[in-house]
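User: I have just opened this one and would like a walk through it. Could you take me along step by step?

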Amino acid sequence: EGRRLFNVGRPLHDGTRRVAALQALVAAAPEHTLVVGAGDDLEAFSYLAAGALDRQRPVSWAAYQRLGLHGLAPGPAEAAFGLAGLAAEGQRHRVPVLGANLPNAPFPGFALHAVGEAQVLLIGLTDPALPRAARQGFGDTLPSDPALAVRQARQAARSQLGRAPDLVVG
């Protein structure tokens with residue numbers, strides 16, 4: 001039985017044809033599909049008004065919601081307005097934000113999803129080697145070692161499931 005994983009990376013800037021194509025792929029087998037965002041996909045600041053939210057950003061969040069994103073790992077663009085702001089945006093648009101290696105982040109580090117009959121552990125990871133300028137939106141939160149975060153998420157998932165997940169995506 002096939003399983004499909006789609007990573008959404010910048011399709012929202014390419015117009016509605018790519019979003020429609022992704023929606024069609026998901027609709028063909030929703031119970032066997034995970035849609036994830038690897039981060040640094042959202043618009044941040046406006047080019048027209050310095051310091052203001054880019055007007056495309058809410059449209060991109062709405063597209064993520066329509067795609068049924070199962071998890072979004074935060075990159076610099078997502079965190080541009082702070083981690084608390086990112087958590088609020090994710091909740092408002094019903095898009096789960098995941099950050100396993102962001103200590104004390106206001107969102108979970110991982111999520112478990114049933115994909116077909118498989119239990120999939122989806123882990124959000126942020127690059128710990130981000131340059132200082134790119135980390136401004138993260139405030140005092142520095143991304144920790146992703147390998148350690150993955151081990152901790154796998155242990156927590158094993159406790160929840162009573163067994164190891166069938167697949168780990170991070």
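User: How many helices and strands does the protein chain have?

Analyst: The protein chain has 4 helices and 6 strands, where helices (H or I, at least four residues) and strands (E, at least two) are DSSP runs numbered from the N terminus. Read along the sequence, these elements follow the pattern β-α-β-α-β-α-β-β-α-β. This is a predicted model, in which local features need pLDDT of at least 70 and side-chain atom pairs count only at pLDDT 80 or more, while totals for chains, interfaces and linings use all residues. Residues are numbered from 1 along each chain as its sequence is written, and side-chain values use heavy atoms, with hydrogens and water left out.

User: What share of the residues counts as buried?

Analyst: Of the 170 residues in the protein chain, 44% count as buried, a word that stands for under 20% relative accessible area, with exposed meaning over 50% and partly exposed in between (1.4 Å probe, protein chains only). The accessible surface of the chain comes to about 9000 Å², and 53% of that belongs to carbon and sulfur atoms; such areas come from the Shrake-Rupley method with a 1.4 Å probe, and for residues only the protein chains shown count as cover.

User: OK, now helix H4. What span should it have, and what do its ends show?

Analyst: Helix H4 covers residues 146–161, and its 16 residues should span 22 Å at 1.5 Å a residue, which agrees with end C-alpha atoms that are 22 Å apart. The expected span is 1.5 Å times one less than the number of residues.

User: Which residues of H4 are buried?

Analyst: Ala-149, Ala-153 and Ala-157 are buried in H4. They cover an arc of only 70° around the axis, which puts them on the same side of H4; the arc is that of the directions from the helix axis to the C-beta atoms. An α-helix has 3.6 residues a turn, so residues three or four places apart point the same way.

User: And what covers the buried residues, and what is on the face turned away?

Analyst: The cover over the buried residues of H4 includes strand E4 (110–115) and strand E5 (118–123). The face of H4 turned away from its buried side carries Gln-155 and Ser-159, which are exposed.

User: What happens at the start of H4, and what follows the helix?

Analyst: At the start of H4, a side-chain oxygen of Asp-145 reaches to within 3.2 Å of the backbone nitrogen of Ala-147. After H4 comes Gly-162, whose phi is positive, near 80°.

User: Let's stay with E5 for a moment. Is Leu-121 there buried or exposed?

Analyst: Leu-121, which is found in strand E5, counts as buried at 0% relative accessibility. Leaving aside neighbours within four places in sequence, Leu-121 is in contact (heavy atoms within 4.5 Å) with residues including Phe-110, Ala-153, Ala-157 and Val-168. Leu-121 and Val-168 are 47 residues apart in sequence, and their C-alpha atoms are 4.7 Å apart in space.

User: Changing topic, how many salt bridges does the structure hold?

Analyst: The structure holds 2 salt bridges, each being a side-chain nitrogen of Lys or Arg within 4 Å of a carboxyl oxygen of Asp or Glu. In one of them the side chains of Arg-57 and Glu-89 meet at 2.7 Å, N to O. Arg-57 lies in helix H2 (residues 57–67) and Glu-89 in helix H3 (residues 83–92), so the pair ties together parts that are 32 residues apart in sequence. Both Arg-57 and Glu-89 are buried.

User: What about the pair of Asp-166 and Arg-163?

Analyst: The side chains of Asp-166 and Arg-163 meet in a salt bridge at 3.3 Å, N to O. Asp-166 counts as partly exposed at 46% relative accessibility, and Arg-163 is partly exposed with a relative accessible area of 34%.

User: Back to H3, then. Which residues are buried there, and what do they pack against?

Analyst: In H3 the buried residues are Leu-83, Leu-86, Ala-87, Glu-89 and Gly-90. They cover an arc of only 160° around the axis, which puts them on the same side of H3. The buried residues of H3 pack against H2, while on the other side of H3 the residues Ala-84, Gln-91 and Arg-92 are exposed. Just after H3, Arg-94 takes a positive phi of about 55°.

Methods
Polar contact = N/O pair within 3.5 Å; in protein donor to acceptor, adjacent residues only side chain to side chain.
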